[in-house]
Amino acid sequence: YSLGVLFYEVLSHTMLAFTEVGPGRAADSTEEYARCASQGFRPERPLRAVFSDELWSLIEHMWAADPLDRPTSTEVVTRLSAVIAAWRQDS
C-alpha cells in the first residue's frame with residue numbers, strides 16, 4: 001500500500017496525508033488519513049498525463065483492501081519496467 005502512496009505522491013506532487021478524504025473534508029493529520037485509508041478511502045486518479053492506464057492500474061492494485069491481493073515486489077518491478085519502456089517509446 002505504502003509504495004502505491006509513494007508513487008502517487010511523487011508523480012502527482014501531492015501529499016496524501018493532507019488531502020481531501022471525502023466531499024469537502026481534508027485529513028488534518030497522518031493518523032486521520034490512515035484511518036480513512038483503512039476504511040476504504042482511495043484518492044481519485046489525477047488528470048496528469050503521467051498516470052497512464054498501466055501505471056494507474058498498478059497503483060490501484062497496490063492499494064487493494066486485502067494485503068494478500070496486492071502485487072509482490074517482483075510483480076511491481078515487472079509492471080513498472082513495462083510502464084517505463086512504454087514511456088521511452090513515446091518520447
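**Exercise 1.** Which residues does S52 touch, not counting residues up to four places away in sequence?

*Solution.* Before we start, a word on the model: it is predicted, so local features need pLDDT of at least 70, side-chain atom pairs count only at pLDDT 80 or more, and totals for chains, interfaces and linings use all residues. Residues are numbered from 1 along each chain as its sequence is written, and side-chain values use heavy atoms, with hydrogens and water left out.

Step 1: Find S52 in the loop between α2 (30-38) and α3 (53-62). Helices here are DSSP runs of H or I with at least four residues, strands are runs of E with at least two, and both are numbered from the N terminus.

Step 2: Look for contacts, meaning heavy atoms within 4.5 Å. With residues up to four places away set aside, S52 touches R45 and V83.

Step 3: Check accessibility. Buried means under 20% relative accessible area, exposed over 50%, and partly exposed in between (1.4 Å probe, protein chains only). S52 has 17% relative accessibility, so S52 counts as buried.

**Exercise 2.** Work out how the rings of Y33 and F41 are arranged, then do likewise for F51 and W56.

*Solution.* Step 1: Apply the rule. Rings of Phe, Tyr and Trp (its six-membered ring) pair if their centres lie within 6.5 Å; planes under 30 degrees apart are stacked, over 60 edge-to-face, and the rest tilted. The count by this rule is 7 aromatic pairs.

Step 1: For Y33 and F41, the ring centres are 5.9 Å apart and the planes stand at 85°, so this pair is edge-to-face. Y33 is buried at 7% relative accessible area, and F41 is buried at 15%.

Step 2: For F51 and W56, the centres are 5.8 Å apart with planes at 80°, so this pair is edge-to-face. Both F51 and W56 are buried.

**Exercise 3.** Describe how α1 meets α3.

*Solution.* Step 1: List the residues. In α1, L3, G4, F7, Y8 and L11 meet L55, W56, L58, I59 and M62 of α3.

Step 1: Sort these contact residues into 9 nonpolar, 1 polar and no charged. Ala, Val, Leu, Ile, Met, Phe, Trp, Tyr, Cys and Pro count as nonpolar, Asp, Glu, Lys and Arg as charged, and the others, Gly among them, as polar.

Step 2: Take the axes, which come within 8 Å and cross at roughly 140°.

Methods
Axes fitted to C-alpha atoms, helices over the stretch in contact; angles between N-to-C directions.
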